[in-house]
Every structure is written in structure tokens, then in C-alpha cells.
Amino acid sequence: MNEEQHNQSESIKKVSGKYREWFLDYASYVILERAVPAIEDGFKPVQRRIMHSMRDLHDGRYNKVANLVGHTMQYHPHGDASIADAMVNMGQKDLLIDTQGNWGNILTGDSAAASRYIEARLSKFALDVLFNAKITQWAASYDGRKKEPVNLPAKFPIVLTQGAEGIAVGLSTTILPHNFVELIDASIKILQGKRFTLYPDFPTGGMIDVSNYNDGKRGGKIRNRARINVEDNKTLVITEIPFKTTTTSLIDSIIKANNKGKINIKKIEDNTSEHVEIRLHLPSGVSPDKTIDALYAFTNCEISISPLGVVIEDNKPLFLGVSEILDRSTHRTVDLLRQELQIELQELQDQWHAASLERIFIENRIYRDIEEETTWEGVILSIDTGLKPHIKHLKRAIVEEDIVRLTEIKIKRISKFDIDKAKKNIEAIEEKIAEKEYHLAHITDFTIDFFKMLKKKYAKGRERKTEIKTFDDIVATKVVLRNVKLYVNREEGFVGTSLRKNEYVADVSDIDDVIVIRKDGKLIVSKVADKKFFGKDIIYVNVFKKKDKRTIYNLIYRDGNRGPSYMKRFFVSGITRDKEYDLTTGNKGSTILYFSANPNGEAEVVTVHLRQTGSLRKTKFDIDFKDLAIKTRSAKGNLVTKLSIKNIKLKEAGVSTLKPRNIWFDDVVLRLNTDERGTLIGEFSGEDQLVMITQDGRVAKFVPDMEKHFPENMILLEKFVPKKPITAAYFDNDKNRYFIKRFEIDDLKKEEAFIPEKATLLQISYDWLPVWELQFGKERGKKQKPPQQINIEEFISVKGVKAQGNLLSKIKIKQIDVLPSLPYEDETSNEVQVDVEQEDEVAYDIEINKEEPTKEDSETKEETKKPKKPDNLEPPTLF
């Protein structure tokens with residue numbers, strides 16, 4: 001080995017262990033000193049140092065932020081930019097820092113002005129809850145020149161009020177902000193031993209679904225939505241935005257979704273200043289309700305936030321929920337208040353001791369005993385000897401410092417000493433001592449009063465801004481804008497959006513699935529594509545709806561080349577994309593002879609024509625699919641015939657055989673559902689409709705739509721019954737008169753207003769024979785008019801929707817009460833029903849009354865519709 005190689009070998013050192021040490025050191029530093037707040041005061045180090053520096057410079061006036069940043073650098077070993085950013089972030093939360101100047105806008109995302117142009121000072125709230133040097137633990141700053149607090153004595157859950165977010169090495173924290181008033185109320189409940197629940201509250205407002213909040217622990221999630229209002233059929237207005245978003249980022253996400261064709265927005269206006277106002281103009285024919293759902297599904301109008309409660313305790317990260325954080329903060333507040341009271345009590349006791357000694361010293365003229373003393377020791381001894389006969393009532397022993405303080409009393413003060421005034425001073429101190437001792441003995445009540453004081457002093461303007469709601473799940477495929485056309489080449493077996501010269505199928509979006517069925521009995525579900533091969537001889541293609549059990553497929557197929565024929569009815573729900581499923585037995589040569597897809601489970605009648613063979617006499621027969629049970633797609637089916645089928649022709653179109661669906665209305669999310677959430681509206685079959693009336697006097701009739709978002713001012717929602725009249729009472733502000741009208745909506749094609757624009761709707765009934773009672777107001781100088789009951793059918797006849805109606809009263813009506821309606825009987829029809837809620841096989845439930853009506857029945861048919869005397873009155877069915 002030469003000398004050069006020897007030197008190289010000596011210079012090579014193993015550093016694998018060093019990497020581990022350095023990484024841990026760095027990770028620990030970032031976690032403890034930069035990213036994660038301490039549980040004691042809720043601050044990260046930079047925030048704590050900013051607060052301490054502002055207290056150092058506090059004189060009641062504003063300071064330039066640049067000056068505050070420079071002063072903070074004495075304690076914080078990092079650049080001025082990080083300090084300034086942290087200060088602006090705290091200032092925008094409007095809690096601890098009183099700001100002046102342009103501090104940016106959390107709604108628009110506009111940044112603050114430069115540090116030299118903006119000013120700040122501590123808020124009164126910060127001065128009340130953050131500082132007390134006597135109970136603060138101090139440590140040397142990074143360079144040893146200054147003392148800084150280890151933790152501030154925060155008597156409030158700052159971390160839960162402001163929230164905290166930080167990313168460290170291998171660790172992160174996301175603590176969401178909560179409402180100031182609710183935190184105080186929850187702290188009081190903790191001290192009272194009561195249960196409480198905390199949910200986030202964001203400065204940007206909006207709405208949140210906290211169903212999975214999980215107390216802010218790991219694994220939880222909240223959904224935060226913008227508040228979107230429908231101004232008219234062509235305009236949506238966003239007035240509140242989700243947390244962590246800005247109007248700029250929100251508009252960018254809307255433009256992006258619009259460019260991708262997921263939504264259809266004609267124009268966007270951003271009028272945001274102090275409050276959010278983003279106006280979305282829609283093209284003609286675009287549904288506002290569907291657009292709102294699409295905005296939630298495809299833009300930042302809805303975001304999900306996963307909280308993660310991580311704080312530092314004893315230099316270690318700790319995973320806690322917000323309830324535990326608040327509980328610890330509340331009990332720390334109790335401890336800090338106890339410490340403050342103990343210090344104040346000790347100071348008062350020292351004052352009482354000093355005042356008592358001074359009174360004894362002057363009142364008993366002990367100062368004269370030192371006139372003959374020539375030494376300091378003699379003076380001390382003389383005073384000590386003179387005090388002894390008078391100190392039995394003192395609460396502690398006399399020390400030399402007490403005697404020295406007596407010798408410092410000036411002659412002028414001795415000469416003007418007022419015994420009565422001294423007694424009153426001592427009594428006042430004794431009262432304060434008793435008060436402090438009482439508070440210490442009842443520290444819990446004292447802490448509750450402290451929180452109540454904070455609420456009374458600072459709660460104004462800090463009401464909850466974010467509304468807590470339960471969101472319904474928006475299925476993206478149901479709200480996406482279908483602005484692309486799907487085509488099929490049946491012979492060649494291609495399906496796609498680029499086959500424009502071929503057969504049109506439907507309008508689709510790029511997130512839709514398509515279902516394809518071939519003549520050989522293969523079923524495939526796949527994503528929409530420009531052009532995709534599914535196999536030749538396609539007999540059916542359409543947009544596939546997941547979990548759809550109401551679309552029933554009727555099928556007749558031949559098993560193999562010469563096998564028997566089978567028929568089946570089935571629905572398609574659970575599938576795997578791009579996998580071939582057999583609708584036949586799968587034998588080679590199997591083929592579909594007849595197929596139909598029925599959106600509402602219709603069951604048609606078909607005629608089967610057989611091939612003429614030998615002595616076969618009957619060459620055709622009918623099949624009614626309603627006699628066939630609905631099974632799964634993998635079922636073999638029922639035997640049709642073992643003979644050869646020539647063709648199958650449709651004889652008679654069918655009606656729905658599905659059992660009517662029970663539909664509920666959920667007043668929390670303002671939507672219909674079939675999941676038994678909310679109020680049951682009734683049973684609905686394919687053609688049944690709903691009638692809706694709103695407080696502003698509008699009526700609409702429509703088929704139930706699970707995606708429709710109902711207005712908040714809706715006052716009636718019921719199943720539509722033909723010829724059933726609506727009764728409305730309203731006050732016409734232009735004519736200053738009360739009117740009543742009765743109308744039917746059988747011919748209603750669109751939403752209509754049934755009262756004048758400047759009228760006020762007073763009462764509504766959707767009933768055959770309603771009865772109302774009018775309560776009148778008292779006119780000056782006249783007797784009170786008694787209540788008046790009116791039979792609506794006798795009072796007014798049925799007219800059109802646009803009719804004004806009859807005059808109801810010229811006297812002021814105080815109230816209109818709906819009384820039990822008169823009984824009314826209507827004919828009921830027998831229905832064929834099939835329940836398709838089961839997965840495997842559903843049997844028929846057919847009960848058809850085939851008896852012919854008698855002559856007596858026909859004669860009494862009209863009589864059943866006439867009103868009878870009220871035997872058992874029942875209240876009207878107002879929603």
C-alpha cells in the first residue's frame with residue numbers, strides 16, 4: 001500500500017449511525033420548535049414569541065409590524081418573513097391581535113400589505129387571558145441574552161379557537177377552529193360535570209356535515225360546503241365559501257369543471273368585498289338544483305377535511321380529541337386561577353402584616369425607644385422588644401426585614417398618622433383577604449364566573465358562522481352534465497362518442513358507464529370511451545345506472561344451437577366493469593330471441609310463432625311476462641318450448657308490475673328518498689306525481705325526483721290526486737283585502753303563482769272538504785267579532801289557478817285555523833304489484849277483482865263522493 005492509499009483509508013469513516021442521529025434530531029426539532037402547538041397555551045414557538053414581544057412593547061398604542069417582527073427576532077432564531085407571515089395569520093383570526101391597515105382578506109386570498117405599512121397591538125382579550133409574569137416559567141432565549149416564556153399562562157383554549165395546522169417530519173397536525181362562545185359554554189359544562197359536544201366553526205361560514213367528525217381525532221372527516229342560493233331560474237349566488245378556500249380558488253375550480261363539461265355555466269361574476277358574492281349565470285334550460293349538486297360534486301364548493309389532533313406535552317407529541325384538549329385546558333385554567341389567587345392572597349397578607357406593624361409602631365410610640373440607641377443592632381433590638389407585647393394577633397412572625405421597613409417610615413408620615421384611617425385600611429385588606437380565601441375554597445365556581453365574564457365581555461359578534469347540517473350523498477353520475485352523444489355500430493360491435501355517423505344512443509358524460517347486451521347473450525358494463533369494441537351483433541346499449549332495481553329486462557333465449565327456449569325477467573345491479581356475464585346458460589350457439597328493457601318493470605304480452613314441423617297443429621301461443629317472477633341475471637329461467645321458434649312478436653304493451661315505492665321527505669337535506677328518512681309522503685307508482693306549494697304562493701306538480709332539492713320556504717308537499725282542489729287564503733296588499741280561492745291543478749304543466757306578486761299567503765289546504773275558522777282582530781270602538789267557521793265547499797266553488805277568488809273578509813283577520821275536514825270517500829282501484837326489493841327471486845302478489853259491477857253499484861257510484869255528516873272528524877293532512 002502506497003502513502004496516498006494509506007491516507008485515503010484513514011480519511012474514510014462510517015457515518016451510517018450518524019444519519020439516524022441527525023434525522024432524529026432534525027425531526028424532533030421541527031416537531032417541537034416549528035410545526036406542532038403546545039397543549040399548555042396552544043401556541044407554536046413563533047406564535048408564543050410574537051405574543052411575548054408584543055407584550056414587551058405594549059403601551060396601549062399601535063406598533064409597526066416591522067418593528068414587532070424585529071423585536072421578535074431577539075427570541076426567534078429564524079428569518080423575518082416567517083415571523084411576519086405568522087403574525088398576519090394570527091391577526092386575520094381577529095382574536096389576540098388588534099390590527100390596523102391592510103391585513104389581507106381571507107375570503108379573496110389577497111395578501112396583507114408590507115410590514116412597514118401595517119400596525120398591531122395586543123387585543124384586550126389577549127391581555128385578559130395570556131399574561132401574568134408572576135406565574136410564568138422562564139427560560140433563556142436562543143442566544144442567552146433574553147428570557148422568554150416556556151409557556152404563556154393561557155386561561156383559554158387558544159388552540160381550539162384559532163385552530164392549528166402544521167407539517168413536521170413524519171408528523172402533521174390539523175386542529176380545526178371552533179366557536180368562541182361554544183368553547184366557553186363547553187368549559188363551563190366540564191366544570192359542572194355535564195356532557196358536551198364540540199363541532200368546528202369556520203370564519204368563512206358555509207355548511208358542515210359533522211357526522212364523521214370523531215371528536216377531531218385521527219380517522220375523522222368533515223364535509224364543508226359553500227352556501228349557494230337560487231336567485232332565479234338562471235342565477236345562482238354563492239354567499240359563503242368552504243374553509244381553506246378563497247373566492248379565487250373556488251372560481252378556478254368552477255371554470256375547470258365547466259371546461260371539462262361537467263357543469264354548464266354561462267357567466268361568472270365575482271362581487272366579493274366584505275362579504276362573499278359570486279354570481280353564476282346559467283344558460284336557458286339548465287336546472288339550478290342540478291347545477292348546485294354538480295357544483296358540490298365537481299368543484300371546491302364542497303371539500304373534505306380530515307382532522308388530526310396532535311399537540312406537544314412534555315416535549316412529546318400527543319394524539320388527542322378536541323374534547324380531551326378542552327378538558328385539559330379548562331383544568332389548567334382552574335390551576336392558573338388558583339395560582340393567581342394564592343399570589344394575590346399572599347400579597348394581601350403581606351400588606352395586612354405591614355399595615356398592622358406600622359399601626360402598632362406608631363400607635364404605641366415605639367419609635368421613641370430608639371432615641372437613646374447608638375448602634376443599628378441596638379435600634380433593631382429596641383424595636384423588636386417594643387413590638388413583642390402587641391403582636392399576638394399577627395399571622396406570622398416578625399423578621400428583620402419587617403423591622404427595617406419600620407425604620408424607613410418618615411417623621412412627616414408619623415406626625416400625620418390617622419388611627420381611624422389606618423383601621424379602615426386594615427379592615428379593607430381583611431375583606432379582600434376573606435374574598436380571596438372564599439374564591440380559593442370555591443375555585444370551581446370562581447372559574448365558571450371567569451368564563452362567564454369572558455363571554456359577557458367578548459362574545460358579541462362571535463356567534464356561530466358555519467351551519468351544521470346533514471348532507472345527502474350526491475351521486476356524480478346523476479348530476480354531471482351529459483353534453484356528449486353516445487353512438488353504436490351494432491353490426492360491427494363498436495360503441496363510443498366518436499361514431500357520429502352511426503346510431504345515436506343517448507347523451508352521456510365521461511364518468512358514465514354503458515351497459516351492452518349482445519345477441520349471443522353476453523352482458524358487459526364499461527366506461528364511456530371514444531370508441532370501444534364490445535363484440536358484434538349488439539342488441540341493446542344504454543347508460544348503466546348502478547343499484548337500479550326498477551329497470552327490468554324481459555328475455556327469451558335459445559339454449560345452444562338446437563336446445564329448448566327459456567324466458568326470464570331480471571334486473572342488473574352489482575357488476576364488475578369490462579367483465580362478460582352470461583344471460584343464457586353459456587352453451588355454445590345460445591342466442592337471444594326476444595329482448596326488452598323496461599324502466600318501470602313493465603310486463604308486455606308477446607306472441608311466439610313456431611316453425612311448422614310434421615303434424616304440429618298449434619304454431620303460435622302468447623306469453624304474458626307478468627306471470628313470470630323477477631329473478632337475478634344468472635337465473636336459467638322458465639321453459640318456453642322445446643320446439644323450434646320461428647319468431648316472436650309484441651302483441652300488447654305492458655304496464656308496470658312493480659310494487660309502488662314508499663317515498664319519504666327528509667326535511668334536513670330537503671330531498672326525497674326511499675330509505676325511510678324523514679316524513680312518509682306515500683306510495684308512488686310510475687305515473688304518480690307530487691304537488692308542492694311554497695310560502696310565496698307558487699304551486700308545482702311533478703313526478704318524484706330523488707335528486708331534486710326542494711326550497712326551504714315549501715309549506716306543503718303531498719301526493720297529487722286528480723280533481724282534488726287546493727284552497728288558499730291570502731291578503732292582497734295592493735287592494736288591502738282578504739281573498740279566498742279554490743282551484744285544481746290537473747292541467748298544470750309548469751310551476752305557477754296562484755296569488756298576486758304583492759300578496760301574503762295566510763293559509764293553505766289540500767283537501768276535498770276543508771273547514772276553516774277565522775279569528776278576527778278587534779277594531780277600535782267596536783265589539784270583538786266572534787270566530788267564524790266556514791265550510792269551504794259551500795263558501796266558494798272551484799275556479800282556475802289564475803282566478804282572484806272571492807272576498808273573504810273586510811275586517812282584519814288575526815288568524816285562520818284549519819279544523820278537521822268533512823269526511824270524503826273516493827273509489828280505490830285494484831293494482832297488480834310485484835316487490836323487487838329481494839335480490840334472488842321475487843314472487844307475484846296478484847289480487848285482481850274480476851267481478852263485473854252490478855246495476856246497484858253503478859247507481860251508488862256517484863253517491864259515494866257526496867259529503868256525509870262528520871262522525872269522526874280527523875285533522876287535515878297538511879305537510
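Reader: Tyrosine 594 and phenylalanine 625: buried or exposed?

Author: Both tyrosine 594 and phenylalanine 625 are buried. Keep in mind that this is a predicted model.

Reader: How do I read a pair of aromatic rings?

Author: Use the distance of the centres and the angle of the planes. The structure holds 21 aromatic pairs. Tyrosine 594 and phenylalanine 625 form one of them, with 6.0 Å centre to centre and 20 degrees between the planes. That pair is stacked.

Reader: Which parts of the chain does the pair of tyrosine 594 and phenylalanine 625 tie together?

Author: Tyrosine 594 lies in strand 28, residues 591-598. Phenylalanine 625 lies in the loop between strand 30 (620-624) and strand 31 (630-632). The pair therefore ties together parts that are 31 residues apart in sequence.

Reader: What about the rings of phenylalanine 731 and tyrosine 738?

Author: Their centres are 4.7 Å apart. Their planes stand at 50 degrees, so this pair is tilted. Phenylalanine 731 and tyrosine 738 are both buried.

Reader: Which residues form one aromatic cluster?

Author: Phe125, Phe156, Phe180 and Tyr458 do.

Reader: Where does a lysine lie over the face of a ring?

Author: Take lysine 701. It lies over the face of phenylalanine 720, at 4.7 Å from the ring centre. Then look at lysine 785. Its charged end sits over the ring of phenylalanine 776, 4.5 Å from the centre.

Reader: Now salt bridges. What is the general idea?

Author: Side chains of opposite charge can pair when their charged atoms come close. The structure holds 41 salt bridges. In one of them, the side chains of aspartate 185 and lysine 455 meet at 2.8 Å, N to O. This pair links distant parts of the chain, 270 residues apart. Aspartate 185 is in helix 8 (residues 180-192), and lysine 455 is in helix 16 (residues 443-458).

Reader: How do aspartate 185 and lysine 455 count by accessibility?

Author: Aspartate 185 has 26% relative accessibility, so it counts as partly exposed. Lysine 455 is partly exposed too, with a relative accessible area of 31%.

Reader: What partner does arginine 518 have in a salt bridge?

Author: Aspartate 520. The closest N and O atoms are 3.1 Å apart. Arginine 518 is at 8% relative accessibility, so it counts as buried. Aspartate 520 is partly exposed, with a relative accessible area of 30%.

Reader: Which residue meets lysine 802 in a salt bridge?

Author: Glutamate 752 does, at 3.1 Å, N to O. Lysine 802 lies in the loop between helix 18 (792-795) and strand 46 (806-809). Glutamate 752 lies in strand 42 (residues 752-753), so the pair ties together parts that are 50 residues apart in sequence. Lysine 802 counts as exposed, at 63% relative accessibility.

Reader: Which residues do salt bridges that share partners join into one network?

Author: Glu182, Asp201 and Arg464.

Reader: Last, strands. What should I know about their side chains?

Author: In a regular strand the side chains alternate between the two faces of the sheet. For a case here, take strand 21 (residues 513-518) and strand 24. They run antiparallel.

Reader: How many bridges join strand 21 to strand 24?

Author: Six bridges join them. Valine 516 stands opposite valine 541 in strand 24.

Reader: Why is strand 24 largely enclosed by the rest of the structure?

Author: Count the buried residues. Strand 24 spans residues 538-544, and five of its seven residues are buried, so the strand is largely enclosed.

How values were computed. Residues are numbered from 1 along each chain as its sequence is written. This is a predicted model: local features need pLDDT of at least 70, side-chain atom pairs count only at pLDDT 80 or more; totals for chains, interfaces and linings use all residues. Side-chain values use heavy atoms; hydrogens and water are left out. Buried means under 20% relative accessible area, exposed over 50%, partly exposed in between (1.4 Å probe, protein chains only). Helices (H or I, at least four residues) and strands (E, at least two) are DSSP runs, numbered from the N terminus. Two strands pair if DSSP finds at least two bridges between them. Rings of Phe, Tyr and Trp (its six-membered ring) pair if their centres lie within 6.5 Å; planes under 30 degrees apart count as stacked, over 60 as edge-to-face and the rest as tilted. A charge sits over a ring if NZ of Lys or CZ of Arg is within 6 Å of the ring centre and within 35 degrees of the ring normal. A salt bridge is a side-chain nitrogen of Lys or Arg within 4 Å of a carboxyl oxygen of Asp or Glu.
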